[in-house]
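Biologist: I should like to learn how to read the features of a protein model. Could we go through them in turn?

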Amino acid sequence: MKTYFQRMGRSLQLPVAVLPAAGLLVGIGHLLPQNWSFAQFLQAGGNSILTNLALLFAVGLAIGMSKNKDGAAALAGVVAYFVPVYVLSPASVATLFGIQEKAVDPAFGAISGNVFIGIIAGLVAAALYNRFHQTKLPMALSFFSGKRLVPIVSSLAMLVITVVLLFTWPPVYEALVAFGKFFIGLGAAGAGLYGFFNRLLIPTGLHQALNQVFWLNTAGINDIGNFWASKGVKGVTGIYQAGFFPVMMFGLPAGAYAIYRNARPERKLATGSLMMAGAIASFFTGVTEPLELSFMFLAWPLYVLHAVLTGLSLGFAALMHWTSGFTFSAGLVDYILSFHIPIANKPYMLVVQGLVMAAIYFFTFDFAIKKFNLMTPGREPIEETELAGDVAIATEDSDDKYTVQAKKIYAGLGGAENISEIDNCTTRLRLQLKDTDKIDKSVIQSANPAGINVIDKTNIQVIIGTEVQFVADALTNLFDAKAPTNLKINESKDTTESESKKTSDIKSSQKIEFYSVANGQYEELSQVPDDTFSQKLLGDGYAVKPSDGNIVAPVDGIITSIFPTKHALGIKTDSGLEVLVHIGINTVEMNGEPFEVKVKDGQRIHHGDTLVFADLDKIKAAGKDTDTMVIITNMTDVGFMRFDAYAPSVSMLSKIVEVTTK
C-alpha cells in the first residue's frame, strides 16, 4: 500500500507540473493594466488550465499508474472522467429522478471539475489498463482487443461507480465540506494544523489527499483557484498557502545549513554539495523533496520538528492575515508571480516572517542534531573498529576493500541465518531476507553504502554504486561459506584508510560536453520512477525516454565496464569523469534478452556512437520502463554543471549539459 501511494504521488507530479504555466499566465495578466485586452487574454488562458485540473489529474494518474505509461491509458482516463461528470450533472440527475433541476442536491453541482472524480477516474483507468491491455478477444471481436478494449471497460466500470456515487456522493461531499468548515472555523489554528499534517503525511503520500480538501474544490474551499481568481475575502483567501513561503524559501535552506555545519569535517564537502542543491531547489521552486528526503528517514525526529515548524508558520501567517498563493509550490518564482494578485494581502511581510523562520530553523535544527546526536547527512561514522554489540565479522589483511565492505553488510544483515537470496543490478544489492526487522542499519552503514532501502518484511536494497558486482561476489562467497558473524572486526586504521583512498586521475578545470543518449523525450533525473536515480544517490545527470532502440554514447571516452545483463555500461572520459549509462528501470531482471551490445570493454568511443541496440517493445511488454539514465558517479570531482536549454524532444545530437571538473 505504501508503494502504491508513493507511485500515486509521483504520478500526480505530471499534472501538477502544468500549474506553473497557468500561474505564469495569470500572474503576468495581473501585472499588466487590467483594461488591456491582452491582460484578460492571458488570465483566461491560465484559468483554462486551473478550471480543468480534474481532467489533468485523470490523465496524469492514468499514465503514471499504468505499467508502460501508454497513451491508451490516458484516453481511458479521459473516458472514465467524462462518464460520471456527465451522468451526475444536475441536469442529468434531475432527468434520472424526474424532478426539477433546482431540486437536485447541490452536491452534484460540485461533480464537474472535482479533482476527487479525476483521481478516481485516473486510478480506475490505470488499473484496467494494467489488467486488459494485452487481452485477446474472439476473432469476431478482435478489433476491440488489447489497448482498444481499455477505454471500453473503463467506461463500463465508471458507470458502476457512477451508480454508487449517485447515492453516496451527497453524504460524502457534505462530510468533506463539514471537515473543511471545521478547519475554517478554527481560523489560524486550522491553517497551522493543516500545515503540520501536510508535512507529516509526506512519507506516506497521503498529503496529496489532504491537499485536495484545502487547495482545490473537493470540499468547496478551493484556496488555490480562488486566490488566482481573486475571489473571497482579502486576508483570508490564501491562508492555506501563504505560510509555506517562509518555510520553503527561508526555513528549510537554513535547516540545510545547520545540517552542513554539523557534518564531520571529512564529509563537509559532499554534504555541502547535497545541501546546497536542495536549498536552491527549495528557495527558487519550492521543491523540497531533495532536502526533506535527506533527513526524513535518517533523522526522523528532525522531520517531525520540521512538520511542527511548518504548522507554526502557516498558523502565524493566517493569524496576521498575510496571504499569497502558488500554482506549483511556494518558491521565489510563484512568490513573484503572486505578488500583484489583487487579493494578496501584505505578501511582503512573508519575507520578514521568512527571515525569522530561517533563524528558528537553524537554531532548532542545530540544537536537536547535537542534543540527540541525530544521524543527519555527513554525520555517519567513517570508521568503526568495533561494530554494534557482538554482530561483527573478522577481516584479514589480504581482504580488499570490497570484501571488507561485504563483510560489514553481511554482519549487518544478520549473516546466513537471515539471508535467503543475494542478487544485484548495476548499482545496488537486491536481497531477500527472512526478516528485515532483524537487520542492524548502523552496521550496514559502517560499510558506507550510498543508501539503504527496506522494501518490505523480506526485501531490502543496499545501494553501492557501479562497483556493486565486486561487493555482491564477496557477499555471495560469505553466504555460501555460512561465515560466522560473532567475531570482532580485525582491521587497523592505516589499512582501512589505504583501502578507502582512491587514486584520482581527474584533470582539473576541464569542460566536457554531454549529449542525449538516444532520440526521444528528455527527463530530469528527479522525474525518473526509481528512487535511487531520482534522489541522485549514485550521482547527478539526466535521462531520456528513447523513441527507438538505438542507445548511443553521450560523451567521448573509454568503455570501462559492460554489465553481464547488458543493460548498463561504464564510460570514463579523458578528463577522468566516470559515467554510468543505465537502460531501463529494473531491466536487470530480463537477463540481457532485449539488449544487443555493439561495443567492447576498453574500446574508445565518441558521442553518437552506438553502444547498445535495445528492443523497446520487449522491455515494455515485460512491464518495465525504458527511461535511460546518464549518471556521473564521481560527482565529488565535478565543479560545475550547466544544463542547456532544450525542447522536451531531443535527438542524439542534442547537447544536454556541460560539466566542468574541479
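This is a predicted model: local features need pLDDT of at least 70, side-chain atom pairs count only at pLDDT 80 or more; totals for chains, interfaces and linings use all residues.

Biologist: How many helices and strands does the protein have?

Modeller: Secondary structure is taken from DSSP runs, numbered from the N terminus: helices are H or I with at least four residues, and strands are E with at least two. The protein has 23 helices and 18 strands. As for contacts, meaning heavy atoms within 4.5 Å, residues 24 or more positions apart account for 72% of those with a separation of 6 or more.

Biologist: What span should helix H9 have, and how far apart are its end C-alpha atoms?

Modeller: The expected span of a helix is 1.5 Å times one less than its number of residues. Helix H9 (residues 188–200) has 13 residues and should therefore span 18 Å; its end C-alpha atoms are 19 Å apart, which agrees. The buried residues of H9 are Gly190, Ala191, Gly192, Tyr194, Gly195, Asn198 and Arg199.

Biologist: At what angle do helix H5 and helix H7 pack?

Modeller: Axes are lines fitted to C-alpha atoms, for helices over the stretch in contact, and angles run from 0 to 180 degrees between N-to-C directions. Helix H5 (residues 71–87) and helix H7 (residues 115–132) pack at about 135 degrees, with axes 8 Å apart. H5 is therefore oblique to H7; angles under 35 degrees count as roughly parallel, over 145 as roughly antiparallel, 65 to 115 as roughly perpendicular and the rest as oblique.

Biologist: Which residues of H5 and H7 meet?

Modeller: From H5 come Ala72, Ala73, Ala76, Gly77, Ala80, Tyr81, Pro84 and Val85, which meet Ile117, Gly118, Ala121, Ala125 and Tyr129 in H7. The residues of this contact divide into eleven nonpolar, two polar and no charged. Here Ala, Val, Leu, Ile, Met, Phe, Trp, Tyr, Cys and Pro count as nonpolar, Asp, Glu, Lys and Arg as charged, and the others, Gly among them, as polar.

Biologist: How do helix H12 and helix H15 cross?

Modeller: The axes of helix H12 (residues 244–261) and helix H15 (residues 300–320) come within 10 Å and cross at roughly 150 degrees. H12 is therefore roughly antiparallel to H15. Phe244, Pro246, Val247, Leu252 and Ile259 of H12 make the contact with Leu302, His306, Thr310, Ser313 and Leu314 of H15. The residues of that contact divide into seven nonpolar, three polar and no charged.

Biologist: Where does Thr565 lie, and is this residue buried or exposed?

Modeller: Thr565 is in the loop between strand S9 (557–562) and strand S10 (568–572). Thr565 counts as buried because its relative accessibility is 11%. Leaving aside neighbours within four places in sequence, Thr565 is in contact with Val588, Asn591, Gly592 and Phe595.

Biologist: What is phi of Ser509?

Modeller: Phi of Ser509 is near 60 degrees, a positive value in a residue other than glycine. Ser509 lies in the loop between helix H21 (493–500) and strand S5 (511–515), and counts as exposed because its relative accessibility is 54%.

Conventions:
Residues are numbered from 1 along each chain as its sequence is written. Side-chain values use heavy atoms; hydrogens and water are left out. Buried means under 20% relative accessible area, exposed over 50%, partly exposed in between (1.4 Å probe, protein chains only).
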